[in-house]
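Visitor: Can you take me through this one? I would like to start with how the elements are named.

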Amino acid sequence: MSTEPPTTEAPATAWGDPQPPAPKWSGRKTAIAAAVAVVIAAVGGVAIYAGTSSEANQRGGTFPGGRQMGGTASILREALHGDFTVSADGGYAVERFQTGEVSALSATSITVRSEDGYTQAYVIDSSTEKAANVASGSTVTVLAKVSGDTATATSITEGSARQQGGFPGGQGPGVPGGQGPGGGRP
């Protein structure tokens, strides 16, 4: 005779048999899981707050047409030049902004050279809003409408976004005349 207790094997479950109940979590395991979830939610909330509460995001700004901008303001404040597309008269228009030194100036044109060497000549017409003291050698920010190879200045302001701590009008990252990434046009 054997001295070991008899073992009975549980019969194998067959297809379609009910599943055995899942083991229940103890109160301690449930409390730990809840605490971990709260910590994850708190860390996520802090990360979201930190990502959206910078000065540039709080200040925001306005793109052409009155569209609001958020965190883009801090990026554009450092921009030297660039093109962007806006809605205009049921279609689209390309506009350009540039910050740099005036290398040539006449009654009908201004040429600006940015720190990185990019140089652009802009047409000045009767609708161009311009600062009174713009002269060769001064730093300006230009906003222009682009048509083909021609860029016509819509506004010329003195200084750069970085020097001013933002764009003219304090509404965004420094595109002049308050239109574009710098504020609303008067």
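Predicted model: local features only at pLDDT ≥ 70, side-chain atom pairs only at ≥ 80, totals over all residues.

Visitor: Fine. How many helices and strands are there in the protein chain?

Guide: The protein chain has 4 helices and 9 strands. Read from the N terminus, the order is α-α-β-β-α-β-β-β-β-β-β-β-α.

Visitor: And what share of the residues is buried?

Guide: Of the 186 residues in the protein chain, 32% are buried. The exposed surface comes to about 11700 Å², and carbon and sulfur atoms supply 58% of it.

Visitor: Let's go to the strands. How do β3 and β4 pair?

Guide: β3 and β4 are antiparallel, with 8 bridges. Serine 87 faces tyrosine 92 of β4 across the pair. The hairpin of these two strands has 2 residues between them.

Visitor: Is aspartate 89 buried or exposed?

Guide: Aspartate 89 is exposed, since its relative accessible area is 88% and the exposed class begins over 50%.

Visitor: How many salt bridges are counted?

Guide: The count is 1 salt bridge. Aspartate 83 and arginine 96 form it through their side chains, at 2.6 Å from N to O. Aspartate 83 belongs to β3 and arginine 96 to β4, so the pair ties together parts that are 13 residues apart in sequence.

Visitor: How covered are the two partners?

Guide: Aspartate 83 is partly exposed at 46% relative accessible area. Arginine 96 counts as buried because its relative accessibility is 12%, and buried means under 20%.

Visitor: Back to β4. What does β4 do with β8?

Guide: β4 pairs with β8 in the antiparallel sense, over 8 bridges. In that pairing threonine 99 stands opposite threonine 141 of β8.

Visitor: And how many bridges join β4 to β5?

Guide: There are 4 bridges between β4 and β5, which run antiparallel. Valine 102 stands opposite valine 112 in β5. A hairpin through 3 residues joins β4 to β5.

Visitor: Now the inside. Which residues in the largest nonpolar core touch the most other members?

Guide: That core has 13 residues, and those touching the most other members are Ile110, Val112, Tyr122, Val134, Val140, Val142 and Ile156. Two or more residues each come from β5 (109-113), β8 (139-147) and β9 (150-158). β8 gives the largest share, with 4 residues.

Visitor: Pick isoleucine 156. What is isoleucine 156 in contact with, beyond neighbours within four places in sequence?

Guide: Among the contacts of isoleucine 156 are Ile110, Val134, Val140 and Val142. Isoleucine 156 also contacts Ile124, Thr128, Glu129, Lys130, Ala131 and Thr141.

Visitor: Different spot. Where is serine 138?

Guide: Serine 138 is in the loop between β7 (129-130) and β8. Serine 138 is buried, because its relative accessible area of 19% falls under the 20% limit.

Visitor: What does serine 138 contact, neighbours within four places in sequence aside?

Guide: Serine 138 contacts Gly100, Glu101 and Val102. Between the C-alpha atoms of serine 138 and glycine 100 the separation is 8.2 Å, while along the chain the two are 38 residues apart.

Visitor: Last topic, the surface. Which residues make a nonpolar surface patch?

Guide: Ile32, Val36 and Ile40 make one of about 280 Å². Isoleucine 32 lies in helix α1, which covers residues 27-52.

Visitor: And how accessible is isoleucine 32?

Guide: Isoleucine 32 is partly exposed, with a relative accessible area of 47%.

Conventions:
Residues numbered from 1 in each chain as written. Heavy atoms only, no water. Core = buried A, V, L, I, M, F, W, Y, C linked by side-chain atoms within 4.5 Å. Buried < 20%, exposed > 50% of the residue type's maximum accessible area, 1.4 Å probe, protein only. Contact = heavy atoms within 4.5 Å. Patch = residues over 30% accessible without salt bridge, like charges linked within 9 Å, V, L, I, M, F, W, Y side chains within 5 Å. Areas by Shrake-Rupley, 256 points an atom, 1.4 Å probe, with all protein chains shown as cover. Salt bridge = Lys/Arg side-chain N within 4 Å of Asp/Glu carboxyl O. Pairing = 2+ DSSP bridges.
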